[in-house]
Amino acid sequence: MHIVVCVKQVPDTTNVRINPETNTLMREGVESIINPFDEYALEEALKLKDAHGARVTVISMGPPQAEVVLREAMARGADDVVLLTDRAFAGADTLATSYAISQAIKKVDAHPDLVLFGKQAIDGDTAQVGPGVSEFLDFPLVTYVKSIEINDGVFTVETQMDEGVNVIEGKMPAVMTVVKEASTPRFASLSGWMEAKKTAIPRWGAKDVGATAEMCGLNGSPTKVVKIFAPPTKTGGSRMDGREEPEAAVDAILEMLQNKGVA
Amino acid sequence: MADAPIFIDPAKCRGCKKCITACPFGALYMEGKLATLKPEECRACNACVKACPFKAISSTAQAEAKKSSLDDFKGIWVFAEQHQGKVQEVAYELLSTGRRLAKDRGCELAAVVLGHNVADSASHLIAAGADKVYVVDQPELAEYEANVYTDALNQLIAKYKPEAILAGATAVGRAFFAKVAVRSRTGLTADCTALSIDKESHLLHQTRPAFGGNIMATIMTPNHRPQMATVRPKVFKMSPPDPKRKGETLMEALKLVAAGTKIVRVERNASNVNIAEAEIIVAGGRGMKKAENLELLRKLADLLGGVVGVSRACVDAGWISASHQVGQTGKTVCPKIYLAFGISGAIQHLEGMRGSDTIIAVNNDPNASIFGIADLGIVGDLFEILPMLIEAVESKRKS
């Protein structure tokens, strides 16, 4: 069994701000991390490897420094890693990104058994690239996966839907996106780190994966960002100290609830 | 390199730099006394075309030719997601916003229903604002399956060419819309919080949060159709239905692909409420101290007809299931009333609930960031205030 996991390096979004004067992103000094949801996807792949024996290949698309997340994936137990990096990919929206990644997956393996993604990346929050890749690969799509079992080429997964859990079955290959209700990601072992540090990470560009220029980066992106701006700041309303007079605080809450038509 | 979407006539350019100020993307610069384009930065927004006092900048022939084929796409659609024949509320919310957009665009508003035994829903959708309802009523569509749904919607798009399509950013909408957009090779903007028709370009302007809500971006899809967007439940308000509204229902029979997967079991337990659909949320955080104390939240939620929400800390501590989590890694909610007890307000949590109409927060830390966005902020001990509040609501009910 061959499992491909796609991971993204993201800024720790807690610290991303907008410069109010220039309306541009201030990303300086913001720490980069592996997208938390992708860690769950990787963990599912590694669990399947532990249980059934599988080759796990991890792909990341991003700038050269995204190599770090691939080393981390190797340290945790991934067998092979590839960094998809090219200036031609710059400015890609979810369509152009899905295309580039699907081209890379096809080069890694024309017939992988499973392709796993995190539910979404915490910087863009779109949750669109996993489904987009399933379309380019023409594989069935299963989203919001919280557990995976495999038997004789047939998978049974639990998916977390809005109102409960759906248990879904299908034949491999498939593209799946994994939620955080899945297992807690393992830590990398020390020996894993030593090994991962030494490994040379292959870098593929648009030409290497046979991606046509018109479908990459800005050129291949139907969506255009018109402007970015700081969110309207909601300023706090009235404040009360409820430590001395909790009764008054309760009355204030009740009054507000009644004004809004509840209670 | 892409064909330049704009042309700057050197004979007409006087070097006034107005276009440079107007360009939102920094795609123009001065080469000597001549405005010059960096084509790779240009997003064809035509802001410079309008800004130039000398009519030196024009949209190029390629851009114009493409535009005319785009004109074949007409009308705005709302995907009306249904479960067991019941249309989800978010579809009605989208229809009320869709009405406004259709009016601004001067076009028709249609709803699309995919399912089995769902024909009854058409009259409700018309009452909610649809001029037309496309219904695909077939057994293969009884339960959502990504491949089959994608195929069905794409066939309708190819046949009727809508200019824009909206869906709720639900588990279903977010997943299969992404496939539909790729199959149509068009753009999709997820989780929009504002939608409008731009007066000049007539394009759909789609505004959404990114980077954990620290940044808002307005996005458009200038050269591809349909323009696609998802919107979270409760972001837009539903307008009251008008049963007298007239509309047309079109039944479509489609030949659909085989399903890629099948649902073998659906587990819905009572506690698995969908907090994203709730009008009232009584939420607790780390300050609740232990699992048993969440009972207080449940009690108040039951009294008010609401549901319990929590911050990530409560889920990580194992006090309650993740389906109750509000925030970036949980659910984004926009209820009428959000009561926050013992929630300090980490940015990831605020991102998930800042859209609430009214926020009431109780916290013992006067510096808690939740107070920064609360309409009513009370510094105090929740274990004192919450039981008193429950009692007060109870006695109010009795009287």
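Tutor: What follows describes the contact between the chains, then the sheet, and then the helices and domains around them.

The model is predicted, so local features require pLDDT of at least 70 and side-chain atom pairs count only at pLDDT 80 or more, while totals for chains, interfaces and linings use all residues. Residues are numbered from 1 along each chain as its sequence is written, and chains are lettered from A and ligands numbered from 1 in the order in which they are written.

The contact draws 71 residues from chain A and 84 residues from chain B, two residues being in contact if their C-beta atoms, placed from the backbone, lie within 7 Å. On the side of chain A that touches chain B, the elements that each supply at least two residues include α3 (94–108), α4 (129–137), β11 (164–171) and α6 (246–259). Helices (H or I, at least four residues) and strands (E, at least two) are DSSP runs, numbered from the N terminus. The most is given by α6(A), with eight residues. By class, this side of chain A has 35 nonpolar, 19 polar and 17 charged residues; Ala, Val, Leu, Ile, Met, Phe, Trp, Tyr, Cys and Pro count as nonpolar, Asp, Glu, Lys and Arg as charged, and the others, Gly among them, as polar.

A:Val250 lies in helix α6 of chain A. A:Val250 counts as buried because it has 24 C-beta neighbours inside 10 Å; the term buried requires 20 or more other C-beta atoms within 10 Å of the residue's own, whereas exposed means 12 or fewer, and partly exposed lies in between. Leaving aside residues up to four places away in sequence, A:Val250 touches B:Ile385, B:Met388, B:Leu389 and B:Ala392.

The sheet also joins the chains. β11(A) pairs with strand β17 (residues 261–267) of chain B in the antiparallel sense over six bridges, where pairing requires that DSSP finds at least two bridges between two strands. Within this pair, A:Asn166 stands opposite B:Val266. The open sheet has ten strands, in the order β13(A)-β7(A)-β6(A)-β1(A)-β8(A)-β12(A)-β9(A)-β10(A)-β11(A)-β17(B), with mixed pairing. β13 (203–204) of chain A and β17 of chain B stand at the edges, each with a single partner strand, so one side of each is left without a neighbour in the sheet. Strands β6 (residues 55–61) and β7 (residues 80–84) of chain A pair in the parallel sense over five bridges, with A:Val81 as the bridge partner of A:Val58.

From chain B, α7(B) lies across β9 and β10 (154–161) of chain A, at about 90° to β9(A). Axes are lines fitted to C-alpha atoms, for helices over the stretch in contact, and angles run from 0 to 180 degrees between N-to-C directions.

The buried residues of α6(B) pack against β9 (141–151) of chain A together with β8 (109–115), β9 (132–137) and α7 (171–183) of chain B; among them are B:Tyr149, B:Leu153 and B:Ile157. Just after α6(B), B:Lys161 takes a positive phi of about 50°.

Finally, chain A is divided into domain 1 (2–215) and domain 2 (233–263), with bounds from an automatic or database domain assignment. Their C-alpha centres lie 45 Å apart.
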